[in-house]
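Subject: Structure handover

Hello,

Please find the structure below. My notes on it follow.

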Amino acid sequence: MNLQVLIAPDRRAPLPAPLIVVEDVAKRFVDGRTGRVTAALEHLSFAIREGEFVCLLGPSDCGKSSVLDLLCGFEQPTEGRIVVEGGPVGEPGPDRGIVFQEALLFPWLSVFDNITFAPRLAGVPAALYRPRAARLIALMGLDGFENHAPYELSGGMRQRVAIARAWISEPRILLMDEPFGALDAQTRLAMQEQLLIAREATGATVLFVTHDIEEALFLADRILVLSGRPGRVAREIAVPFGRPRHYEALLTDARFGRLKRQIVEELRAG
Ligand SMILES: Nc1ncnc2c1ncn2[C@@H]1O[C@H](COP(=O)(O)OP(=O)(O)O)[C@@H](O)[C@H]1O
Ligand SMILES: [Mg+2]
């Protein structure tokens with residue numbers, strides 16, 4: 001028997017290259033009229049490995065959405081380097097699914113047509129996207145609502161449709177910008193649980209932006225706490241809770257309260 005394998009399996013396995021690398025990035029916006037410069041991000045560096053669930057946590061206005069804009073390719077960094085899947089960030093594409101705070105569904109399309117919009121636009125054969133759509137509809141708890149219009153759905157359901165729509169192209173990376181921020185506490189918890197289940201089933205890499213400490217602790221493998229603007233990573237926290245996670249169990253776990261307090265202090269210090 002090869003004891004080395006039993007003793008130190010991690011040392012033998014080569015670490016895979018990170019899927020996302022952000023290296024010393026600065027993002028400044030210049031107001032075209034007044035010439036005033038807003039520094040949104042400064043010296044921002046982090047890396048995300050395949051399959052990780054990382055939360056970007058910070059106060060509002062610290063540059064969280066700007067980070068996602070850069071990773072989507074909507075904006076270019078003023079300084080520094082961003083590598084996604086081994087190359088520079090290209091045009092926004094289906095390899096990176098995006099979910100925003102507002103569901104932004106097409107109001108005139110049914111749930112099914114919203115979810116399958118991208119593959120239909122790309123001319124993917126129905127035989128390919130139909131089973132994927134059916135699986136996502138089941139995973140997101142939307143069975144029976146395929147033919148409903150967005151206005152017939154609750155806010156939480158609309159957001160589940162938006163997540164299914166982002167996931168239909170099987171993106172390796174899912175970028176989420178405070179997707180549950182507008183939902184009431186109960187719905188938010190149900191959505192968080194559904195997201196964890198769907199993510200377990202698909203193995204996607206997730207970068208999830210939030211200002212909610214408990215949400216980050218419940219969801220993430222790792223939390224990047226951002227400083228106040230201009231944002232940079234002030235602190236990195238490896239979340240010690242195993243999976244599957246149960247919210248009630250976390251509430252009675254002493255580490256949960258300890259970590260929450262540490263993060264509150266970190267955010268207060270700015
Ligand atoms: N396209 C833009 N043009 C000018 N200023 C911007 C733009 N996007 C963001 N900003 C500014 O950058 C700062 C950070 O914004 P944002 O990334 O949206 O923060 P957060 O998502 O953490 O609330 C804000 O002060 C905002 O006004
Ligand atoms: Mg934002």
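At 2% relative accessibility, C72 is buried. This is a predicted model, and the values here are computed from it. C72 takes part in no disulfide, and the nearest cysteine sulfur, that of C55, is 16 Å away. C62 is also counted as buried, with a relative accessibility of 0%. The closest cysteine sulfur to that of C62 is again in C55, at 13 Å, which is too far for a bond. A disulfide is a covalent bond between the sulfur atoms of two cysteines. With the cut-off for the sulfur pair set at within 2.5 Å, the count of disulfides is zero.

**Ligand 1**

C62 also has a part in the surroundings of ligand 1: a backbone N or O atom of C62 is 3.1 Å from an oxygen atom of the ligand. For D61, a polar backbone atom lies 2.7 Å from an oxygen atom of ligand 1. R229 makes its approach with the side chain, where an N or O atom is 3.4 Å from a ligand oxygen atom. In total, 13 residues surround ligand 1, and the closest are D61, G63, K64, S65 and S66.

**The sheet**

Six strands form an open sheet in the order β6-β7-β8-β3-β9-β10, and the pairing is mixed. β6 (96-99) and β10 (233-238) are the edge strands; each has a single partner strand, so one side of each has no neighbour in the sheet. On average, neighbouring strands are turned by 15° against each other, direction ignored.

Helix α8 (residues 185-202) packs on this sheet and touches β3 (53-57), β7 and β8. The direction of α8 makes about 140° with that of β3.

**Strand β7**

β7 (residues 173-177) runs parallel to β8 (residues 205-210), and five bridges join the two. Within this pair, L175 stands opposite L207, and D177 has V209 as its bridge partner. β7 is also parallel to β6, through four bridges; here R96 stands opposite I173.

How many of the five residues of β7 are buried? Five of the five are, so the strand is mostly covered by the definition of buried as under 20% relative accessible area. The cover applies to both faces: I173, L175 and D177 are buried on one side, and L174 and M176 on the other.

Regards

Technical notes
Residues numbered from 1 in each chain as written. Chains lettered and ligands numbered in written order. Predicted model: local features only at pLDDT ≥ 70, side-chain atom pairs only at ≥ 80, totals over all residues. Heavy atoms only, no water. Pairing = 2+ DSSP bridges. Axes fitted to C-alpha atoms, helices over the stretch in contact; angles between N-to-C directions. Contact = heavy atoms within 4.5 Å. Buried < 20%, exposed > 50% of the residue type's maximum accessible area, 1.4 Å probe, protein only. Near = heavy atom within 4 Å. Polar contact = N/O pair within 3.5 Å; in protein donor to acceptor, adjacent residues only side chain to side chain.
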